[in-house]
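This report describes the fold of one protein chain for a reader who is new to structures. Please keep the sequence and the 3D view at hand while reading.

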Amino acid sequence: MSGNIERKPWEAFRDSGLLWWVNRSLHLFGMCIVLEEEEDGTVTDAYPARTSWRGFSGPDEADGFLKVTGYLAQAGGVLLGEVSSPLGLADALDGIPMRVECIECGTMVDPPEDDSDPICSECQEESDAEEK
Ligand SMILES: [Zn+2]
């Protein structure tokens, strides 16, 4: 597995509420992910399955939102860091540099290697011409 993927146990995925969240979405397509568990909650098997269920009951919805909101509260700082750091995002894209907007026209350009503002070649030429 690459450095950008960290395997997690099904139990943690279930307990975070993310299994409920994913299944909530999959129900639209008549699908779900099923976990087979021991009495103590240990997961022994997991598989995609066809289902006729659509959505969850009120108590399950309340429990799911509580768990996922708790997960976000706990993991939010890390998640925000991963998406807001250009270096982190570049790492996530396996070395592909993030494109940024030209400060003059908004065209997407490669980020400058120094601390200068990003600017496209056309706007740079106009700026150079004005300085002369
Ligand atoms: Zn430009």
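## A kinked helix and its surroundings

Helix α3, which covers residues 58–84, has a kink of about 65 degrees centred on A75. The model is predicted, and every value in this report is computed from it. Helix α3 has 27 residues, and the count of buried residues among them is zero, so the helix is hardly covered. A residue counts as buried if 20 or more other C-beta atoms lie within 10 Å of its own, and as exposed if 12 or fewer do so.

The chain as a whole contains five helices and four strands. Read from the N terminus, these elements follow the order α-α-β-β-α-α-β-β-α. Of the 132 residues in the chain, 3% count as buried.

## The meeting of two helices

The axes of α2 and α3 come within 8 Å and cross at roughly 120 degrees. The two helices, α2 and α3, are therefore oblique to each other. The crossing in which α2 passes α3 is left-handed. On the side of α2, the residues that take part are L18, W20 and W21, and they meet G64, K67, V68 and Y71 in α3. An α-helix has 3.6 residues a turn, so residues three or four places apart point the same way.

Strand β1 comprises residues 31–37 and pairs with β2 in the antiparallel sense over seven bridges. Within this pairing, M31 stands opposite R50 of β2, and V34 stands opposite Y47 of β2. Together β1 and β2 form a hairpin, with five residues between the strands. In the turn, G41 has a positive phi of about 95 degrees. In a regular strand the side chains alternate between the two faces of the sheet.

Is strand β2 largely in the open or largely covered? Strand β2 spans residues 43–50, and none of its eight residues is buried, so the strand lies largely in the open.

## Two residues in a loop

The loop between α2, residues 18–26, and β1 holds L28, and H27 is placed in the loop between α2 and β1 as well. With 9 C-beta neighbours inside 10 Å, L28 counts as exposed because the cut-off for that class is 12 or fewer. H27 has 16 C-beta neighbours inside 10 Å and therefore counts as partly exposed.

Each of these residues can be set beside a residue further along the chain, as the table shows.

| Pair | Separation in sequence | C-alpha to C-alpha distance |
|---|---|---|
| L28 and T51 | 23 residues | 9.9 Å |
| H27 and R54 | 27 residues | 5.1 Å |

Which residues does H27 touch, not counting residues up to four places away in sequence? H27 touches C32, T51, W53, R54 and G55.

Technical notes: Residues are numbered from 1 along each chain as its sequence is written. This is a predicted model: local features need pLDDT of at least 70, side-chain atom pairs count only at pLDDT 80 or more; totals for chains, interfaces and linings use all residues. Two strands pair if DSSP finds at least two bridges between them. The bend at a residue is the angle between axes fitted to the seven residues ending there and the seven starting there. Axes are lines fitted to C-alpha atoms, for helices over the stretch in contact, and angles run from 0 to 180 degrees between N-to-C directions. Angles under 35 degrees count as roughly parallel, over 145 as roughly antiparallel, 65 to 115 as roughly perpendicular and the rest as oblique. A crossing is left-handed if the near helix is turned anticlockwise from the far one by less than a right angle, and right-handed if clockwise. Two residues are in contact if their C-beta atoms, placed from the backbone, lie within 7 Å.
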